[in-house]
Amino acid sequence: QCDVFPLPAAADNLTLSNTQIRNMSGAGVYSTNFTINAWNNLITSCGTYAVALTGGGNYNFTHNTIANYWSFSQRSTESVFISNWAIAGNTINIYNLDTCNFNNCIIDGNQDDELALDFQSGGTVNYTFKNCVIKATQTATNDSHFINPCRNCSTGFSPNDDIYIPTLGSQAANYGDPSF
């Protein structure tokens with residue numbers, strides 16, 4: 001059984017700015033059908049997803065570094081997971097993903113694929129990744145959802161030294177669009 005649900009009320013939102021979320025045994029940011037505006041954040045070293053946006057919602061991530069180099073156990077999830085569904089009991093609930101924008105973000109980590117998209121039919125799905133550095137083998141192709149992506153580009157990060165700034169000369173250095 002699948003049902004489509006509306007977005008939450010306008011008061012249900014989170015603004016996340018200039019924040020570091022690190023060394024979480026679970027997810028760094030986990031949202032279900034919510035509204036999040038996030039800019040200039042570092043989300044790193046999470047036992048599962050660094051960012052999981054499930055069940056639709058409205059999301060704007062600008063100038064975020066999401067670099068999941070969890071080293072305390074085996075991690076089997078991607079750094080970023082986005083879906084328009086959530087499970088309640090035995091029911092898959094389909095929601096609208098009205099807005100999901102990633103602008104000038106870096107999505108990186110110690111796995112081959114650090115971005116997973118899982119969309120079910122029956123709900124609206126609107127998402128874009130603009131000028132993002134994304135570690136991925138199957139997603140992040142240059143199309144209407146991925147605008148000017150830098151897929152599998154070097155970042156020069158040094159996670160063992162806890163340094164998440166692109167080094168000069170790396171493909172990620174100055175890759176973003178300055179208009180953001």
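This briefing walks through the confidence, strands, pocket and a few loop residues of the structure above. The model is predicted: local features need a pLDDT of at least 70, side-chain atom pairs count only at pLDDT 80 or more, and totals for chains, interfaces and linings use all residues. Residues are numbered from 1 along each chain as its sequence is written, and side-chain values use heavy atoms, with hydrogens and water left out.

**Confidence**

- The average pLDDT (the predictor's confidence in each residue, from 0 to 100) is 91 for the protein, and 93% of the residues score at least 70.

**Strands and their partners**

- Strands here are DSSP runs of E with at least two residues, numbered from the N terminus, and two strands pair if DSSP finds at least two bridges between them.
- An open sheet is built from six strands in the order 3-5-7-12-15-17, with parallel pairing. Its edge strands are strand 3 (20–24) and strand 17 (150–151), each pairing on one side only.
- Within that order, strand 12 (residues 106–109) and strand 15 (residues 133–134) run parallel and are joined by two bridges. Ile-106 stands opposite Val-133 there.
- Strand 4 (residues 29–39) is joined to strand 2 (residues 13–17) by five bridges, running parallel, and Leu-16 stands opposite Ala-38.
- Ten bridges also join strand 4 to strand 6 (residues 51–62), again in parallel; here the bridge partner of Ile-36 is Tyr-59.

- Strand 9 (residues 85–88) and strand 10 run antiparallel, with four bridges between them.
- How covered is strand 10 (residues 91–95)? Four of its five residues are buried, where buried means under 20% relative accessible area, exposed over 50%, and partly exposed in between (1.4 Å probe, protein chains only).

**The largest pocket**

- A pocket is found on a 1 Å grid over the protein atoms alone, as an open set of points where a 1.4 Å probe fits, with protein on both sides within 12 Å along at least five of seven lines; lining residues have an atom within 4 Å of a point.
- The largest pocket has a volume of about 460 Å³, the volume being the space filled by probe spheres set on the points, which are joined across faces, edges and corners.
- Of its 23 lining residues, the closest to the centre are Asn-40, His-63, Thr-65, Ile-106 and Pro-166.
- The lining has ten nonpolar, ten polar and three charged residues. Ala, Val, Leu, Ile, Met, Phe, Trp, Tyr, Cys and Pro count as nonpolar, Asp, Glu, Lys and Arg as charged, and the others, Gly among them, as polar.

**Loop residues worth a look**

- Most residues other than glycine have a negative phi.
- Asn-131 has a positive phi near 50 degrees. This residue sits in the loop between strand 14 and strand 15, and counts as buried because its relative accessibility is 11%.
- Asp-162, in the segment after strand 17, has a positive phi near 60 degrees. Its relative accessible area is 42%, so Asp-162 is partly exposed.
- Gly-122 lies in the loop between strand 13 (115–118) and strand 14 (128–130), and is exposed because its relative accessibility is 58%.
- The C-alpha atoms of Gly-122 and Asn-93 are separated by 9.8 Å, with the two residues 29 apart along the chain.
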